[in-house]
Amino acid sequence: LAAMTTIGTLLWAGIQTSKEIHVLYFLLPVVWAFGLCRWVVSVAGGVNLMLRAMLFLSVLTSVMIGNIWGYRALMIRKFRKDFPGIELEYPWIDAVWNYITNFPRFWADEIPYYLGGIAGALIAFYSTRERDAPLIE
């Protein structure tokens, strides 16, 4: 699950760093969650509440980190456009802090992606519900 979360994060981050962001991208976390659930259920051989919760957190983590990655890429691109020829050192800790503190300024632009992430996470949580069974350890 950790590897798939990393893959989902990298895919989402790659999409977020593109110059063209379309609001329909909010559907991608839903598709990702559905595929992730199908894969985990087939590999695990069963699910329990803890695994369902981990699927939920996996999808939300992928979206959140991907959005921060995209925010950082956007800030670097904007800086390079405004100040050509000057390289910017923009540490990840600063990107995370600025994303969180500036979120009230751009929340309306981010809502579709978080709604997609929440919808995907809910799909991850509820689509495996009827298959609740103890995992074989």
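Asn102 sits in helix α4 (residues 92-126); helices here are DSSP runs of H or I with at least four residues, numbered from the N terminus. The model is a predicted one, where local features need a pLDDT of at least 70, side-chain atom pairs count only at pLDDT 80 or more, and totals for chains, interfaces and linings use all residues. Residues are numbered from 1 along each chain as its sequence is written, and side-chain values use heavy atoms, with hydrogens and water left out.

With a relative accessibility of 17%, Asn102 counts as buried (under 20% relative accessible area; exposed is over 50% and partly exposed in between, with a 1.4 Å probe and protein chains only). Its side chain makes a polar contact with the side chain of Tyr71, at 3.3 Å. Such a contact is a pair of N or O atoms within 3.5 Å; within protein, one must be able to donate a hydrogen and the other to accept it, and residues adjacent in sequence count only if both atoms are side-chain atoms.

Helix α4 is also the place of Asn98. Asn98 is partly exposed, at 24% relative accessible area. Leaving aside neighbours within four places in sequence, Asn98 is in contact (heavy atoms within 4.5 Å) with Tyr71, Tyr90 and Phe103. Asn98 and Arg72 are 26 residues apart in sequence, yet their C-alpha atoms are 9.0 Å apart in space.

As for confidence, the chain averages a pLDDT of 81, and 89% of the residues score at least 70. pLDDT is the predictor's confidence in each residue, from 0 to 100.

Conventions:
Helices (H or I, at least four residues) and strands (E, at least two) are DSSP runs, numbered from the N terminus.
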